[in-house]
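User: I'm new to reading protein structures, and I'd like to learn one feature after another. Can you walk me through this one?

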Amino acid sequence: MKRNHFYFFWRAVLLPFFKLIYRMKYVGRENVPENGAYILASNHRLATDPIMLGMGLKRQVLFMAKEELFKNKFISWFLRKLGAFPVSRGKADTGSIRHFENALENGALMGIFIEGTRSKDGEFLPPKNGCSLIAWDTKTPVIPVCHTKIGSRTVFHFGKPLSLEDMGFEKGGAREFRNASRVIMDHIKALRAEDLANYEAKSNG
């Protein structure tokens, strides 16, 4: 993909402020390849998650954003320049899904919040099937990502890429989409368990 200088300029401008406020820590960044199409499937805690997640990687991450954010002309222009695009929540938005899939076909790194909405208490919500459906349609590996608040740190942990076989795909279909969504979510949960265990071990050490 062509480098988006607008995106990287604003990331550099905002990074010091976000580091000060959120004290981000990134684990497993080596699991995100520098090239090629991949889907980052993350849980969702804060409205700033797309920004913070993207700040941890050398590559640009493209995200869907709720269509309400695009009603203001200036905000809409700014978000689109950053590579975001609107999606209608609560219904099948085939246009946004096709946009997402086209970007993957061009080798993009796409981000999606597998729960479909933010968790108010930080606990995991049931996964939606959009991520697994797109992964199957585009034959794209999925990288599980877990966002956890640990002490004063905001931790993003990138897991190893999951192939279609890892997600249990054979022929596609509703049952396999549901199963793949659970597999991805189980990997996200395992990343949190690992982070919490490491934190507890350091605290007790």
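User: Let's start with a single side chain. Is Glu 105 buried or exposed?

Analyst: Glu 105 comes out at 51%, so it is exposed. Keep in mind that this is a predicted model, where local features need pLDDT of at least 70 and side-chain atom pairs count only at pLDDT 80 or more, while totals for chains, interfaces and linings use all residues. Residues are numbered from 1 along each chain as its sequence is written, and side-chain values use heavy atoms, with hydrogens and water left out.

User: Which residue forms a salt bridge with Glu 105?

Analyst: For a salt bridge, you look for a side-chain nitrogen of Lys or Arg within 4 Å of a carboxyl oxygen of Asp or Glu. Here the partner is Arg 98, and its closest N and O atoms with Glu 105 are 3.4 Å apart. Arg 98 also makes a salt bridge with Glu 101, this time at 3.0 Å. Put together, Arg 98, Glu 101 and Glu 105 are linked in a network, and a search of the whole structure finds 2 salt bridges.

User: Where do Arg 98 and Glu 101 lie?

Analyst: They both sit in helix H4, residues 94-105, and are 3 residues apart, about one turn of the helix. Helices (H or I, at least four residues) and strands (E, at least two) are DSSP runs, numbered from the N terminus.

User: Now the rings. How many aromatic pairs does the structure hold?

Analyst: There are 13 of them. Rings of Phe, Tyr and Trp (its six-membered ring) pair if their centres lie within 6.5 Å; planes under 30 degrees apart are stacked, over 60 edge-to-face and the rest tilted. Take Phe 6 and Phe 78: their centres are 5.5 Å apart and their planes stand at 70 degrees, so the pair is edge-to-face. Since Phe 6 is in helix H1 and Phe 78 in helix H3 (residues 73-81), the pair ties together parts that are 72 residues apart in sequence. Phe 78 is partly exposed, at 22%.

User: What kind of aromatic pair do Tyr 7 and Phe 8 form?

Analyst: An edge-to-face one, with 5.0 Å from centre to centre and 85 degrees between the planes. Tyr 7 is buried at 10%, and Phe 8 is buried at 12%. Rings can also join up in a chain of pairs: Phe 6, Phe 9, Trp 10, Phe 74, Trp 77 and Phe 78 are linked into a cluster that way.

User: Which residues form a nonpolar patch on the surface?

Analyst: Leu 69, Phe 74, Ile 75 and Trp 77 do, with about 410 Å² of accessible area together. Patch members have over 30% relative accessible area and no salt bridge; like charges are joined within 9 Å and nonpolar side chains (Val, Leu, Ile, Met, Phe, Trp, Tyr) within 5 Å. The areas come from the Shrake-Rupley method with a 1.4 Å probe, and only the protein chains shown count as cover for residues. Ile 75 belongs to helix H3 and is partly exposed at 39%.

User: And which residues make up the positive surface patch?

Analyst: Arg 23, Lys 25, Lys 149, Arg 153 and Lys 202. Lys and Arg count as positive, Asp and Glu as negative, and His and the chain ends are left out; a charge is placed at NZ of Lys, CZ of Arg, CG of Asp or CD of Glu. Arg 23 sits in the loop between helix H1 (5-22) and strand S1 (24-27) and is partly exposed, at 38%.

User: What is the phi of Arg 23?

Analyst: Most residues other than glycine have a negative phi. Arg 23 has a positive one, about 50 degrees, although it is not a glycine. Lys 139 also has a positive phi, near 55 degrees. Lys 139 is in the loop between helix H5 (130-138) and strand S6 (142-150), and at 48% it is partly exposed.

Conventions: Buried < 20%, exposed > 50% of the residue type's maximum accessible area, 1.4 Å probe, protein only.
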